[in-house]
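Hi everyone, thanks for coming. Let's take a few minutes to walk through the cross-links in this chain, starting with the charged ones.

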Amino acid sequence: VQLQASGGGLVQAGGSLRLSCAASGRTFSRYDLGWFRQAPGKEREFVALISASDIPYYADFVKGRFAIARDNAKNTVYLQMNSPKPEDTAVYYCGTRLRGPPYETSSYTNWGQGTEVTVSS
């Protein structure tokens, strides 16, 4: 599976933005899919995951603001960012989870090229 994230850009705090991650390959529906982000000078951190059975899981700092969803017919996973804050500014990446804790980068593979999100105050 190869992943490609898109949809990033400049957004005002309190606005909204939807990121997409498109995948190639026929086995997309079998994977748990996660979103991570990496801000300048910081480590990559977990944002959200959606399981193959369509169960979402979120980092505490995005609960109630972001929503993850998947469309297996389109081989795409989405991250709806509502009410973003300046501290959400980062490059956002998607990946497929093989095994291990959903919040660990080592649990993932097939990282796509990220998409940059800048939230202005």
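Let's begin with aspartate 32 and arginine 97, whose side chains meet in a salt bridge, 2.6 Å from N to O. By salt bridge I mean a side-chain nitrogen of Lys or Arg within 4 Å of a carboxyl oxygen of Asp or Glu. Aspartate 32 lies in strand S4 and arginine 97 in strand S9, so this pair ties together parts that are 65 residues apart in sequence. Strands here are DSSP runs of E, at least two residues long, and helices are runs of H or I, at least four, numbered from the N terminus.

Before I go on, a word on the source: this is a predicted model, where local features need pLDDT of at least 70 and side-chain atom pairs count only at pLDDT 80 or more, while totals for chains, interfaces and linings use all residues. Residues are numbered from 1 along each chain as its sequence is written, and side-chain values use heavy atoms, leaving out hydrogens and water.

Is aspartate 32 buried or exposed? At 15% relative accessibility, aspartate 32 counts as buried, because buried means under 20% relative accessible area, exposed over 50% and partly exposed in between, with a 1.4 Å probe and protein chains only. Its side chain also has a polar atom 2.8 Å from the backbone nitrogen of alanine 52. Leaving aside residues up to four places away in sequence, aspartate 32 touches several others, including Leu49, Ile50, Arg70 and Gly95; contact here means heavy atoms within 4.5 Å.

How many salt bridges are there by this rule? The count comes to five. Let me turn to arginine 37. Glutamate 45 forms a salt bridge with arginine 37, with the closest N and O atoms 2.7 Å apart. Glutamate 45 is partly exposed, at 31% relative accessibility, whereas arginine 37 is buried at 5%. The side chain of arginine 37 also meets aspartate 88 in a salt bridge of 2.7 Å, N to O. Here aspartate 88 sits in the loop between strands S8 and S9, arginine 37 is in strand S4, and they are 51 residues apart. Salt bridges that share partners join Arg37, Glu45, Arg65 and Asp88 into one network.

Last, the covalent link. The structure holds one disulfide, meaning a pair of cysteine sulfur atoms within 2.5 Å. This disulfide joins cysteine 21 to cysteine 94, with 1.9 Å from S to S. Cysteine 21 is in strand S3 and cysteine 94 in strand S9, 73 residues apart. The torsion about their S-S bond is about 70 degrees, so the disulfide is right-handed. Cysteine 21 is buried at 0% relative accessibility, and cysteine 94 is buried at 1%.

Conventions:
Polar contact = N/O pair within 3.5 Å; in protein donor to acceptor, adjacent residues only side chain to side chain.
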